[in-house]
Amino acid sequence: MSMLLLAGAFALTACTDDNESNPTLTQPTQFVLNEFAVNGNIDLERTASLALSWSQPTAYNDFNAPVVPTYTVEVSPTGSFNKAFDVNAEDNTGADFFTMDETYTSGKNVELNAETIDRMLIQLNGWNEAGKVPSIVDLAFRVKAAIRDASFREYYPIYSNVVTMKAVPYYIELKPAAPIIWYMVGNCIGSASWSNDANGVGKGLVPMFLVPNGEYDKATGGGMTSFTGYFPEDGQFKFVLTPGDWNTQMNFTNVKNPGSFLIDADGDNHNIGIGEKGYYTINVDTRTNEIIIEKYEKDVKVFDQLSIAGTFNDWSDSDMTPVFTLDGAENHLWSFEVNGGDHLKIKTPGSWDTNWGYKNGLAGEADGDGNLVIPDGKYLLLFNDITGDYMLIEQ
């Protein structure tokens with residue numbers, strides 16, 4: 001025991017000495033936001049975007065390794081940055097600035113969407129009719145740099161100087177934001193190819209589905225999304241927010257209370273791993289970026305093929321395309337391209353004994369016979385035969 005205590009004391013002393021000599025995270029204190037290149041009043045209605053740029057601050061540095069910060073742009077019509085406007089707050093009294101949604105990893109070639117700025121001004125100022133929109137406003141801009149972890153928490157923020165401009169706002173009738181959709185990608189998702197392609201939805205990318213009769217934040221689009229399917233043992237996957245873009249992800253670190261059937265597949269919190277094959281329901285709360293994965297315990301029927309019948313094919317059978325194509329795994333997600341005005345149902349080939357029509361709470365409308373009516377446009381229809389949920393993705 002005495003030898004163990006002595007060894008422990010020596011180890012603690014050695015670690016302390018070692019830590020004192022190690023480099024620690026160095027944090028810059030300032031960086032420069034450049035003035036706008038355009039003088040005069042900017043008409044937000046007739047301007048697509050505002051060009052902004054800033055100098056890179058002295059690099060954040062941790063153990064001699066540069067750490068890339070995340071930049072966000074803040075805009076204030078008062079010139080003050082005391083209280084941020086929160087679209088989810090019940091009371092925004094005193095809010096005097098808003099943060100643009102986009103994030104950046106450098107200050108080069110940044111374009112701020114003029115319509116987004118106008119919409120945020122309307123929300124911040126409560127302009128609920130055209131007559132309340134002033135003819136001109138002063139706008140102040142600054143940039144925040146911070147380090148973000150995998151759960152989007154920020155550390156060590158610093159701010160640039162403030163630059164100003166004058167803008168001509170206009171009235172927009174605000175509509176509810178579209179629900180936020182994250183996409184699964186991995187070696188057991190869709191084509192099982194880890195293919196994150198901008199045109200790969202329904203192939204290498206599988207979207208989370210809206211929850212029937214679910215509520216989604218009118219300002220942000222945040223809410224609960226879900227997917228139920230079969231996942232093989234040793235399957236690995238993660239989530240991306242924008243098809244074709246790997247910059248914004250969710251992974252094992254976002255899983256809340258992972259069960260024993262889940263594993264940190266690659267040991268560094270990058271991929272969600274399936275330790276036990278079976279059926280799972282995945283819920284993603286896009287308000288908190290939390291993932292909840294549970295076993296699906298109900299009986300599941302496997303279909304070798306499903307078809308679509310409707311007005312476009314005189315109610316004959318047209319085969320749907322299976323989305324999950326991994327050898328030895330089960331597919332329960334089907335795709336088919338549909339057009340506006342089509343009335344249709346999904347069914348088993350050659351029989352009406354098993355069929356699905358309109359389901360309340362998701363996109364589309366029903367006709368008098370319970371058929372799904374496709375709204376104007378062209379869509380990729382995705383259908384889950386376990387839950388009966390479907391999604392229309394505009395093409």
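Trainee: Why is Asp317 called partly exposed?

Mentor: Its relative accessible area is 33%. Buried means under 20%, exposed over 50%, and partly exposed lies in between (1.4 Å probe, protein chains only). So Asp317 counts as partly exposed. A caution on the source: this is a predicted model, where local features need pLDDT of at least 70, side-chain atom pairs count only at pLDDT 80 or more, and totals for chains, interfaces and linings use all residues. Residues are numbered from 1 along each chain as its sequence is written, and side-chain values use heavy atoms, with hydrogens and water left out.

Trainee: What makes Lys347 and Asp317 a salt bridge?

Mentor: Their closest N and O atoms are 2.8 Å apart. The definition asks for a side-chain nitrogen of Lys or Arg within 4 Å of a carboxyl oxygen of Asp or Glu. The pair therefore qualifies.

Trainee: Why is Lys347 called buried?

Mentor: Because its relative accessible area is 2%, under the cut-off for buried.

Trainee: How do you know that Arg153 and Asp149 form a salt bridge?

Mentor: The closest N and O atoms are 3.0 Å apart. Arg153 is partly exposed at 47%, and Asp149 is partly exposed at 24%.

Trainee: Why is Tyr296 called buried?

Mentor: Its relative accessible area is 18%, so Tyr296 falls under the cut-off.

Trainee: Which residues does Tyr296 contact, leaving aside neighbours within four places in sequence?

Mentor: Thr228, Tyr279, Tyr280, Thr281 and Ile386. Contact means heavy atoms within 4.5 Å.
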